[in-house]
Each structure stands twice: as structure tokens, then as C-alpha cells.
Amino acid sequence: MKMMIYFARRLLIMLLTLFIIATATFFLLAATPGDALSARVEKLPDAVAERLYAKYGLDRPVMERYVNTMTGLLHGDFGDSIIYEGQTVQSIIREKGPISARLGIQQMLVGVTAGLLLGMLAAIKKGTIWDYFVVGFSVLLISVPNLIFALMLQQIFAGNLKWFPVIGWPRENIWFGGWEYTILPTFAGCFGYIASYARLLKASMLDVMNQDYILTAQSKGLSRGEVIRHHVLRNSFIPIVTQLPMSIAMCITGSFFIESVFSIPGLGLYYVEAVAAQDIPIVMGQTVILSAIYIAVVFLTDILYTIVDPRIRIAGGKR
């Protein structure tokens, strides 16, 4: 019974959160001066301009447009794009989603792996120069935006050294082809993962190392390596397991600004262009879909935490 109440409450909270996000997004776009048709209708006859505004419903009052937009969202109809004629949110996600997913997956795999290795190094070598290096490196990576790293890598390795293409993305075999196009965007977007996972694993390992059962294992004659492999690492990975779903959600949604810098035709590039052009259907649709993914992942993370740590009850509190 408690489980059902918990699921029902979380579902209501998720739906309310999505409603607030969609409402805020619509009115923020509506409050911005101009609209997506302003540039297109400047040289058109008035009658043609009026038909265009009527076609996309931009000639109606704000509240009427809000009700129509929210009604469409409830039915899964996000409408047609204004700046990308003939395309809908569903078609854009279907065509561009794999591109953003590949980039995000590569960034996550490289970043998480490197972050975990650095976190283990910092914890094992606590108080040494390696520890200070990892801490300083993590602070640097978390402080500098990925956009800056993207521009630096592009300038040095693509512009000056000419080792990689400046912009572009493989057009064929988008999952496994054209690796030369993906290396710089991958490294530009993996630094955040490195910093967060290095700090998270280091803190978790140091906490586990101070537990009584670790001292007991050491007193039984186990070597430091055996203690770390069999006791410290296994228990230190509980926070990592609960953090991974959020990283997966991030990698699926794409790296918006990195895609813009490298002209990668993924969801991020389309989203940034749609926001700049005030393409309300595309912005609303992608915002709601990506928000729903994040909210669902947060919920799944809570469930996963109760699985990896049985001391946590689903209804809250410790056993």
C-alpha cells in the first residue's frame, strides 16, 4: 500500500513539474519581442503575411495560443515547426536524436571512465601530489564551461595543427563511422563527467576507508590492494550507481552548445536555432520531452538507490 501511495504521489509531482515547465517556457517565449515569422514576412504582401500568421496561430491572443498549445501537448501533438517547414518535433527527434545520442554516449564513456580512474588514484594516494593534482584538475574542469574547452580544442587541434576537421559530422554510418569528426566534440564534452565522478568516487572511497569493517579486514592480514578491491571499491560504488542514470539522461539529450560550435546536426543545434528564432512548437516540444526524460530518470534513480542500498526504504527514512 505504501508503495502504491509513493508511486501515485511521485507521478503527480512529475506531471505538475512538467506542467510548470511547459507553462513557463511558453510565456517566456511569448514575452520575447518579435516572433518566428517577423523576418519572413517583411517583404511579403500583407495578405500573404496574414495567412502565414493565421496558419501558425500567431494572430490569436496569448491565452488562446497557450490553451491550444497545452491541449496539443496533452494529445502528443507538438505542432509543425515554423522555421523548418514540413518538420515536426517528432521528425526532428527521430532524425537528429541518434546523432546527439552517439556524441553524448562517447562523452559519457570517456568522461566517466577517466573520472573513476582519477578518483581512485586520489583516494589511494591521499595527501600526495597525485591527490592535489586530481583535486586541482577537477576544480579547473568544473569551473570552465564546456563551450570554452570546445573553442580551445577547435582552435588548437583543428585550426592550428589541422589534425581533425574543424566542423562537421559523419553523414553515413552515424553510429560507428567518421571518428575523426567526433574526437574533439567528445573530449570537449567529457570534462564535466571527469570532474564530477573523480570527486564523487574519491569522497566515497575515503568515507568507506574510515569504516570499522575496513579496519577489521586489515587486522585479518589482508593486503591494502585486497582490501581496496574486495571491500572499498564495491561499497564505494553505491553513489556512482545512483549517479549513472542522470549521466545517461544527459548524454541522450545532447550537448547543445558543443553541437553549435562544431556544427553537429543534432538535437542541440536545432534547439539553439529554434530558441533564437522563437520557433515555439519546436522549443516547447523538445523542452517538454527532454524534461520528461530527466524527471523520469530522477524517479528511477530513487528506485535504484533502494536496490543498491537496502537500508533505504522506498517510503523514506532508514531502516
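F149 has a relative accessibility of 11%, so F149 counts as buried. The model is a predicted one. The cut-off for buried is under 20% relative accessible area. F191 also counts as buried, because its relative accessibility is 14%.

Rings come next. A pair of aromatic rings is described by two things, the distance of the centres and the angle of the planes. The count of aromatic pairs comes to six. One of them joins F133 and F137: the ring centres are 5.7 Å apart and the planes stand at 5 degrees, so this pair is stacked. For the term stacked, the planes must be under 30 degrees apart. Both residues sit in helix α5. They are four residues apart, about one turn of the helix. F133 has a relative accessible area of 45%, so F133 is partly exposed. F137 counts as partly exposed too, because its relative accessibility is 26%.

Now back to F149 and F191. Their ring centres are 4.6 Å apart, with the planes at 55 degrees, so the pair is tilted. F149 belongs to helix α6 and F191 to helix α7. Elsewhere, ring pairs join F26, F27 and Y66 into a cluster.

What does a search of the whole structure find by way of salt bridges? It finds one. Side chains of opposite charge can pair when their charged atoms come close. Here the partners are K202 and D131, with the closest N and O atoms 2.8 Å apart. This pair, too, links distant parts of the chain. K202 is in helix α7, residues 179–209, and D131 is in helix α5, residues 129–143.

Is K202 buried or exposed? K202 counts as buried because its relative accessibility is 16%. D131 is buried as well. Setting aside residues up to four places away in sequence, K202 touches G119, A122, A123, D131 and V135.

Helix α6 also matters for the surface. A nonpolar patch of about 760 Å² is formed there by residues including L147, I148, L151, M152 and I156. L161, W163 and F257 are also among the residues that make the patch. Helix α6 spans residues 146–160 and gives the most to the patch, with five residues. I156 is in helix α6. I156 has a relative accessibility of 36%, so I156 counts as partly exposed.

The last stop is a loop. V41 is placed between α1 (2–31) and α2 (46–55). V41 has a relative accessible area of 13%, so V41 is buried. Which residues is V41 in contact with, leaving aside its neighbours within four places in sequence? They are A49, L52 and Y53. V41 and L52 are eleven residues apart along the chain, and their C-alpha atoms are separated by 8.3 Å.

Key: Residues are numbered from 1 along each chain as its sequence is written. This is a predicted model: local features need pLDDT of at least 70, side-chain atom pairs count only at pLDDT 80 or more; totals for chains, interfaces and linings use all residues. Side-chain values use heavy atoms; hydrogens and water are left out. A salt bridge is a side-chain nitrogen of Lys or Arg within 4 Å of a carboxyl oxygen of Asp or Glu. Helices (H or I, at least four residues) and strands (E, at least two) are DSSP runs, numbered from the N terminus. Buried means under 20% relative accessible area, exposed over 50%, partly exposed in between (1.4 Å probe, protein chains only). Patches are made of residues with over 30% relative accessible area and no salt bridge: like charges are joined within 9 Å, nonpolar side chains (Val, Leu, Ile, Met, Phe, Trp, Tyr) within 5 Å. Accessible areas come from the Shrake-Rupley method with a 1.4 Å probe; for residues, only the protein chains shown count as cover. Contact means heavy atoms within 4.5 Å. Rings of Phe, Tyr and Trp (its six-membered ring) pair if their centres lie within 6.5 Å; planes under 30 degrees apart count as stacked, over 60 as edge-to-face and the rest as tilted.
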